[in-house]
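Here's a quick briefing to read with the structure open beside you. It takes the aromatic rings to begin with, then a helix packing, then the confidence.

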Amino acid sequence: MAKRQSHFVCQECGAVHSRWQGKCEGCGSWNTLVEEASAEDIMTKATGKASRTKGKRLSLSRLDEPIDEAPRILSGIGEFDRVTGGGLVPGSAVLIGGDPGIGKSTLLLQTAAALSRAGHHVVYVTGEEATAQVQLRARRLGADTAPVSLAAETSVETILETLAAGPAPALVVIDSIQTLHTSIAEAAPGTVTQVRASAQALIRYAKLSGAVVILVGHVTKDGQLAGPRVVEHMVDAVLTFDGDPSHAFRLLRGVKNRFGPTDELGVFEMTGGGLAEVVNPSELFLGERDVSSPGAAVFAGMEGTRPLLVEVQALVAPSRLGTPRRAVIGWDSARLSMVLAVLEARCGLVLSSHDIYLAVAGGMRIAEPAADLAVAAALISSRAGVALPGDLVYFGEISLSGRVRAVPHSTGRLKEAAKLGFTGAIVPPQAGAEGGGARVSEVALLADLVHRIAPNGFTDERSKPPSGDD
Ligand code: TYD
Ligand code: MG
């Protein structure tokens, strides 16, 4: 009998240690190590014999050999199919993460219903709710007549046995991975060890059977997929479902995808009857715009291959505090500090005695540097107390030298702006940008934009007004 070996696994980062210690050397967190049986022990337990068998010889293949690729499975929910990179790939495992209550179960139940209506065999396993709760939700979604097979179960062995006994499913939804347990791993349910072993078993099932397995994963307070980042490495695609709970918009994004791009965005709206696709999100994000107030600029952005217009709002107000406030929602605060520094150093616009609030409307998050120019325009407009023209969009990256730099996809951005009735655009200098109907006006320096928005300088002069000989 082989000597039983165990090791200690960090429940935060998955680092393996040979002995117990208070602090994980991998991620520095305390009290996160949990004893775990070694992989060999697990194998022995699973197969009933030691894994010391001789390997067999493989026949190696070439890269250009023909592949018998099964077609992707399209749900017919356009926003979902876009984010998966053109449909689900048979035999793949997908992890979908999001805050509790954001709508993961709703999205997956709607997807399951759509696929089953299209003739695919779909199994929906819930470990969190009773079947009656899922049935009630299905009724609310108008999906109760869809031929989805439903089960409430948390044992991986029972789930796999059930799947093996019935007709081969095209899609298996597991809601959620954290509730599962398997007898292979000796640890409490919900620990990294259990979650990893359960995920491993289900992913192996996906590869062997050709079914798509979608795992729901919870997100912890700090926005990580709970506990095991290890599951992220094991699956083929990781999607996140998020949104501002106070808004109805829900955004589905790809974080990792072995079969498609990861920068695509799917936009949904949570309604009384479930999630509705938002085919033209720009219209939605610009819906309640107030064009007469200072501090609002429309950014012509790109999300993956799709242009998206959003409103950037800034409020610049004199501060009573020694250290003025900087609050940012939907954008990177380090990037805001950079734009402020450039405004101060290159344009003479000093904002160090002002509180600054910046928000992206509609609960959207922007990651593109191309938003710099729109942010700067909103800040200047609020500081000057001058509303920006309501029919203009902005995009462009700002460099530390105060120059406005070109960004990709100008044509797509301008076309979207023209489509939504914007007649002009303030853009970086770039040869051959097609206006698509919008009047294009180039700015090379951020200082030019400051002068354009506030030609008379700023009240309570701290910055030097432009010299008046023009
Ligand atoms: P749910 O899918 O249960 O979230 P998750 O699985 O991510 O925890 O959705 C929960 C919220 O969605 C709940 O607060 C109610 C709301 N909701 C609607 O507004 N309309 C609907 O049709 C459904 C089914 C849910
Ligand atoms: Mg749920």
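The count for this predicted model comes to 1 aromatic pair. That pair is Phe241 with Phe268, and the two rings sit edge-to-face.

**The aromatic pair**
- The ring centres of Phe241 and Phe268 are 6.1 Å apart, with 80° between the planes.
- Edge-to-face is the label because planes over 60 degrees apart count that way.
- Phe241 belongs to strand E9 (residues 237-242), while Phe268 belongs to strand E11 (residues 265-271).

**Two packed helices**
- Have a look at helix H10 (residues 372-384) against helix H12 (residues 446-453): they pack at about 40°, and their axes are 10 Å apart.
- That angle makes H10 oblique to H12.
- The crossing of H10 past H12 is right-handed.
- On the H10 side, the residues that meet H12 are Leu373, Ala376, Ala377, Ile380 and Ser381.
- Their partners in H12 are Leu446, Leu449, Val450 and Ile453.
- Sorted by class, this contact has 8 nonpolar residues, 1 polar and no charged ones.

**How confident is the model?**
- Mean pLDDT for the protein is 86, and 89% of the residues reach 70 or more.
- Residues 461-470 are a stretch to watch, with pLDDT below 50.
- In the model, that stretch has 9 contacts beyond near neighbours in sequence.

Conventions. Residues are numbered from 1 along each chain as its sequence is written. Chains are lettered from A and ligands numbered from 1 in the order in which they are written. This is a predicted model: local features need pLDDT of at least 70, side-chain atom pairs count only at pLDDT 80 or more; totals for chains, interfaces and linings use all residues. Side-chain values use heavy atoms; hydrogens and water are left out. pLDDT is the predictor's confidence in each residue, from 0 to 100. Contact means heavy atoms within 4.5 Å. Axes are lines fitted to C-alpha atoms, for helices over the stretch in contact, and angles run from 0 to 180 degrees between N-to-C directions. Helices (H or I, at least four residues) and strands (E, at least two) are DSSP runs, numbered from the N terminus. Angles under 35 degrees count as roughly parallel, over 145 as roughly antiparallel, 65 to 115 as roughly perpendicular and the rest as oblique. A crossing is left-handed if the near helix is turned anticlockwise from the far one by less than a right angle, and right-handed if clockwise. Ala, Val, Leu, Ile, Met, Phe, Trp, Tyr, Cys and Pro count as nonpolar, Asp, Glu, Lys and Arg as charged, and the others, Gly among them, as polar. Rings of Phe, Tyr and Trp (its six-membered ring) pair if their centres lie within 6.5 Å; planes under 30 degrees apart count as stacked, over 60 as edge-to-face and the rest as tilted.
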